[in-house]
Amino acid sequence: MSLSSRLKGLVNGNTVALLLLIAFLAIIPLTGHRFYMYIATLIMIMGMFAMGYNVLFGYVGLLSFGHGLFFGAGAYSTALFTLKVYSDPLVGVLITVPVALLTSIIVGVLTLKHGKVYFAILTLALSMIFWSALVKLRWLTGGTDGLVGIPKRGVFVDVSGPIVTYYFILAFFAVIMLGLYILNKSRYGLLLRALGANEDRLPFLGYSTFTLRMVALTISGTASALAGSLYAVFYSVVTPDVAYWTFGAEPLIMTLIGGPSYFLGPLIGALIFVPLTTVVARFAEYWMLLLGIALLAVILFFRGGLLGFLESLSRELKLGVYRRWRF
Amino acid sequence: MEILKVENVTKKFGGFVAVNNVSFTVNRGETVAIIGPNGAGKTTLVNVITKKLEPDEGRVFFDGFEITRLPPHKITKLGLVRTFQVVNLFPTLTVRENMALAGLSAGATGEVRRVIEMLGLEEYTDRVVAKVPLGVQKLVELGTSLLLKPKMLILDEPVAGLGAEDRLNMVKVLSELKKSLNLIIIEHDMDVVFALVDRIIVMDKGRIIADGRPEDIRENKLVKEIYLGGE
C-alpha cells in the first residue's frame with residue numbers, strides 16, 4: 001500500500017475531531033485565564049489515563065480495577081527519579097516508559113491467565129498492595145504526605161512557568177493521542193478488537209491470546225503511567241491517593257460516560273467528568289450523589305455512553321454519521 | 001504416508017466417556033468423513049485433536065510432530081486448521097477484517113482479495129459479519145481457514161443450516177479444495193459425505209464402530225442399524 005493511501009486511511013471523523021481538540025487546547029493559554037488552563041490540563045491528563053485504560057476495557061474487554069497502580073507507578077517514578085537521581089522533568093517523564101513496561105509485564109504475568117473476573121479482582125488486589133507500600137515505605141515515598149517539590153527545572157527543559165508546563169503536557173498529550181489513533185487503525189488495533197469480539201476464536205487463527213492481552217496491558221499501562229508522570233510534573237506533588245483504587249476507577253467512569261466502543265469515547269468522558277468533579281463539586285454539596293445518579297442513567301439508559309446515544313440518534317434521524325467514530 | 005495419527009485418545013466429562021480409546025490415521029491426500037448419531041463423540045474428538053479440549057489419555061501426531069501438549073495456536077501454525085459446528089467468527093468485525101486476521105496470521109494478507117473473489121463474497125466485503133446470511137458466514141469461516149494455508153482442514157458440519165443453493169455451492173467449493181488439501185469432514189448429510197470423501201469413519205458412543213470406503217460403509221450392517229437406518 002502506498003504512503004498516500006495509508007495516510008488517506010488514517011483520515012476520518014476521529015482524526016479531524018482529535019486535531020481540532022488539540023488545536024483548541026493549544027489556544028487556551030492565549031486567553032490568559034489560569035482556571036481554564038488548569039481544567040484543560042486536568043482534562044488532558046485524565047483523558048490520557050482514560051484513553052489508555054480503554055485499550056484494555058473497550059478493545060479487549062478486560063475490566064481493571066487496579067489502573068491506579070500504573071498511574072501511581074508513573075507519578076512516583078517521575079517524582080523519585082527527579083528528586084533523587086537526576087533533576088529534569090523531561091527525563092523524569094521518559095523514565096516512566098521502562099518502569100511502565102516492567103510493571104505491565106509483572107502485572108500481566110500475575111493476572112492474565114485467570115479469566116476476566118479474576119483479572120478484575122487481581123488488579124484491584126495488586127493496586128492495593130502498591131498503595132499500602134507507598135504508605136508504609138515512608139523513608140522512600142514520604143508515606144501519606146507523599147513527595148513534594150518535584151522539580152520543574154532541569155538540564156533539558158525548564159517548565160517552571162504555568163504556560164510552559166501547559167504546553168509540555170499538551171505535547172505529550174498530542175503524541176500519545178496520535179499514537180493511540182495509529183494503533184487503532186493498525187493491524188494490532190484490529191487484533192485487539194478481535195480479542196474483545198471473540199477471544200475463543202483467535203487461537204484457531206494461530207494467535208496466542210495471552211500474548212495479545214499482554215500487549216494490550218502494556219500499551220494501556222504505559223499510557224496510564226505517562227498520565228501519572230505528567231500529573232506529578234503538573235502538581236509538583238504526589239501522594240498515595242493517586243494509586244488508590246477509587247482513583248483507579250475514574251478512567252472507567254469517564255469511559256462509560258463517553259462510550260467504550262468509540263475511539264474518542266474516554267476523552268469525551270474526560271471532557272465531561274473533569275469539569276463536573278472540579279467545578280460542580282465546589283458548589284454542589286451532594287455532587288457524589290449527582291455523579292452516582294448520572295452513572296446509573298448512563299448504564300441503564302445510555303449503555304453506549306454519550307457517543308452511543310448520538311449514534312442511535314443519528315440512526316433515528318438517518319444521518320449515519322457517528323458509526324464512523326467507532327474503533 | 002500418514003499426516004494425522006490419533007492414538008488411544010480418551011475424553012471424559014465426569015463419569016461420561018465422550019471419546020473412548022479412539023485410534024486412527026489419515027494419509028496424505030485422503031478426504032475422510034467422521035459420521036455418527038448425535039452424541040457419538042465426533043465433535044469432542046475434533047476438539048481434542050485441535051486442543052479446544054485437553055485429552056484425558058492418548059496422543060495425537062500431525063505432520064510428524066506430537067501435538068498432544070501443544071496449545072491450539074501452535075497447532076494452527078503447524079497447518080492443522082478447523083471450522084466450527086456453530087459459526088465461530090468475529091461478529092462485530094466486517095467480512096474483510098475477519099479474513100484479514102487470518103491473512104495476517106499466515107503472512108498472506110495479499111491473498112485476502114483473491115480468496116474473497118474465489119468464494120464469491122465481494123458484495124459482502126465491508127459488511128459486519130453478524131449481519132450477513134448464515135451461508136455467507138460459513139463461507140467466510142472457510143475463507144479464513146484457507147488463508148491460514150492449512151495442510152489439513154477439519155470441517156465440522158460445513159453444510160448444517162444451509163439452504164439447498166448454499167449447500168450445493170459449499171459442496172462445489174469443497175470438491176475443488178479436496179484436490180489440493182487433506183480434509184476431514186464431520187457431517188450428517190450423507191449425500192454430501194458420499195459425494196466428497198474417500199473414506200468414512202463411523203462413531204457411536206465414543207468409539208469407532210466402522211472405518212472404510214464409502215461403498216463398504218453403506219453396506220455395513222452395524223452402521224445401517226445404528227445410523228443409516230433404511231438408507
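Predicted model: local features only at pLDDT ≥ 70, side-chain atom pairs only at ≥ 80, totals over all residues.
User: How much area do chain B and chain A bury between them?
Analyst: The size of an interface is often given as the accessible area lost when the parts come together. Here 25 residues of chain B are in contact with 16 residues of chain A. Carbon and sulfur atoms account for 67% of the buried area, and the total that the two chains bury between them is about 1,800 Å².

User: Which helix gives the most to the side of chain B that touches chain A?
Analyst: There are 9 residue pairs in polar contact between the chains. On chain B, helices H2 (72–78), H3 (95–105) and H5 (134–147) each supply at least two residues of the side that touches chain A. With 6 residues, the helix that gives the most is H3(B).

User: Are helices H13(A) and H16(A) roughly parallel or roughly antiparallel to each other?
Analyst: Helix H13 (residues 250–258) and helix H16 (residues 305–316) of chain A pack with their axes 3 Å apart, at an angle of about 10°. Angles under 35 degrees count as roughly parallel. H13(A) and H16(A) are therefore roughly parallel.

User: Which residues of H16(A) make the contact with H13(A)?
Analyst: By class, this contact has 4 nonpolar, 2 polar and no charged residues. H13(A) contributes A:Leu256, A:Ile257 and A:Gly258. From H16(A) come A:Gly305, A:Leu306 and A:Leu307.

Notes: Residues numbered from 1 in each chain as written. Chains lettered and ligands numbered in written order. Heavy atoms only, no water. Contact = heavy atoms within 4.5 Å. Buried area = accessible area lost by both parts, 1.4 Å probe. Polar contact = N/O pair within 3.5 Å; in protein donor to acceptor, adjacent residues only side chain to side chain. Helix = DSSP H or I, 4+ residues; strand = E, 2+ residues; numbered from the N terminus. Axes fitted to C-alpha atoms, helices over the stretch in contact; angles between N-to-C directions. Parallel < 35°, antiparallel > 145°, perpendicular 65-115°, else oblique. Nonpolar A, V, L, I, M, F, W, Y, C, P; charged D, E, K, R; others polar.
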